[in-house]
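Me: I would like to learn how to read strands, sheets and packed helices in a model, going slowly through one example. Could you take me through it?

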Amino acid sequence: MHENKKVAFYTLGCKLNFSETSTIARSFENEGFSRVEFNEEADIYVINTCSVTENADKRFKTIVKQAQKVNSDAFVIAIGCYAQLKPEELADVNGVDLVLGATEKFKITDYLNDLSKNDMGEVHSCEIEEADFYVGSYSIGDRTRAFLKVQDGCDYKCTYCTIPLARGISRSDTLENVLKNAKEISEQNIKEIVLTGVNIGDYGKGEFGNKRHEHTFLDLVKALDEVNGIERLRISSIEPNLLKNETIDFVAQSNTFVPHFHIPLQSGSDTLLKKMKRRYMSGLYVDRVTQIKRVMPNACIGVDVIVGFPGETDELFLETYNFLNELDISYLHVFTYSERDNTPAAEMEGAVPLKVRKKRSKMLRGLSAKKRRAFYESQLGNTLEVLFEGENKEGYIHGFTENYVKVKMPWDPSYVNTLHQVTLSEIDEDGLVRFNFASEKITA
């Protein structure tokens, strides 16, 4: 056991990484480590990396330096997607002692017998084909919500994406295990669970370690809706072709699923969707949005979009811009395309100059602000339920309605992690929404 030893974690990237960091942290605690903040002195620093954006690669070096500044003798471990894709590159970073790939990261404590600093980072990374077993995880931080991982890996071959290379084939947790995790979370007085995965609409595939499966995403959603003690369930990102009408209709009348969907689009141009090898055309996307709004008029719909993909001419970009401008959606997550090694898109002709990519990104971020504002305005006067968060932000407490409107009021710790009915009244100058309480506390 490692009594009196301290470990600290830093997570880059997605909600899935956060839930996996939590699970890995618990395995350290089981070995007798105590967990400290990343800016405190620790014996081991674990950095969970991301490979989706260029920026995440660059930030890695800065984070290693941060750890070394606090304790130059500490043992530094890199795990996660970037560690799987470019292990040698991370091992070369000054100060990194151990790099663990996709399967090794869950057995991290097995590598801790020798904590002496290495001159060279030592790499343990499997061939990604071996990443075919499933490790369930969920994260509970200081948050009022938990991220519950239900699926990992992806069988899609989008031409810009490294995730299949970093995380392997699509595989799922067993339904039984997801429900067990959900129960554990609900017993800790957490009010909201966000379902996460790499491609969660593909849930069910690989439940038995092969392609055989008994359950679908809809089965998962129906079973979770029955779990006692959870106030809210939120579906994180789901592919438009896998978000079936049955699921939309079920969410509309469910007890706990909230009317908030995040649906990656990536481009509003069919020409580019084909080049990206997405599994739908823009028409299907319109159908999904229309169906959601038909059965849940107040639903919040978030959209992922990529600008500057190879071959995106001004005309094709405007196709995306106009498509989104006319669509009844609530906000955008805009990604500026960056070339990733070993992806077909990196070899494509028609590279868009960086300056143009940035300009397009800015245009879409402006459109997102306009969409969010219009969505918030459409909700004024509505009575909704807010879950308050645990952080004091410059004298205010923030919270989210079920349909993801962000609200604020003067800080009052007694409201943390409680649900209240409120009537939205006005939009503040910072873009957040003010409200009046509609009734007394619903749940403490």
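Me: How many of the residues of strand S8 (residues 145–149) are buried?

Reply: Please keep in mind that this is a predicted model. Strand S8 is mostly covered, with 5 of its 5 residues buried, where buried stands for under 20% relative accessible area.

Me: Which strands are joined to S8 by bridges?

Reply: Strand S7 (residues 138–140) runs antiparallel to S8 and is joined to it by 3 bridges, whereas strand S11 (residues 192–196) runs parallel to S8, with 5 bridges between them.

Me: Now to another sheet: in what order do the strands S13, S14 and S15 come, and is their pairing parallel or antiparallel?

Reply: These 3 strands form an open sheet in the order S13-S14-S15, and the pairing is parallel. Strand S13 (260–266) and strand S15 (331–336) are the edge strands, each of which pairs on one side only, and the twist from one strand to the next averages 20°. Strand S14 (residues 300–307) is joined to S15 by 6 bridges, and within this pairing Asp304 has His333 of S15 as its bridge partner.

Me: Which helix packs on this sheet, and which strands are touched?

Reply: Helix H11 (residues 314–326) packs on the sheet and touches S13, S14 and S15, with a direction that makes about 175° with that of S14.

Me: How should I read the packing of helix H6 against helix H7, and at what angle do they pack?

Reply: Two packed helices are described by the angle between their axes and the distance between the axes. Here helix H6 (residues 175–186) and helix H7 (residues 217–224) pack at an angle of about 35°, with their axes 11 Å apart, and H6 passes H7 in a right-handed crossing.

Terms used: Residues numbered from 1 in each chain as written. Predicted model: local features only at pLDDT ≥ 70, side-chain atom pairs only at ≥ 80, totals over all residues. Heavy atoms only, no water. Pairing = 2+ DSSP bridges. Helix = DSSP H or I, 4+ residues; strand = E, 2+ residues; numbered from the N terminus. Axes fitted to C-alpha atoms, helices over the stretch in contact; angles between N-to-C directions. Contact = heavy atoms within 4.5 Å. Left-handed = near helix turned anticlockwise from the far one by under 90°. Buried < 20%, exposed > 50% of the residue type's maximum accessible area, 1.4 Å probe, protein only.
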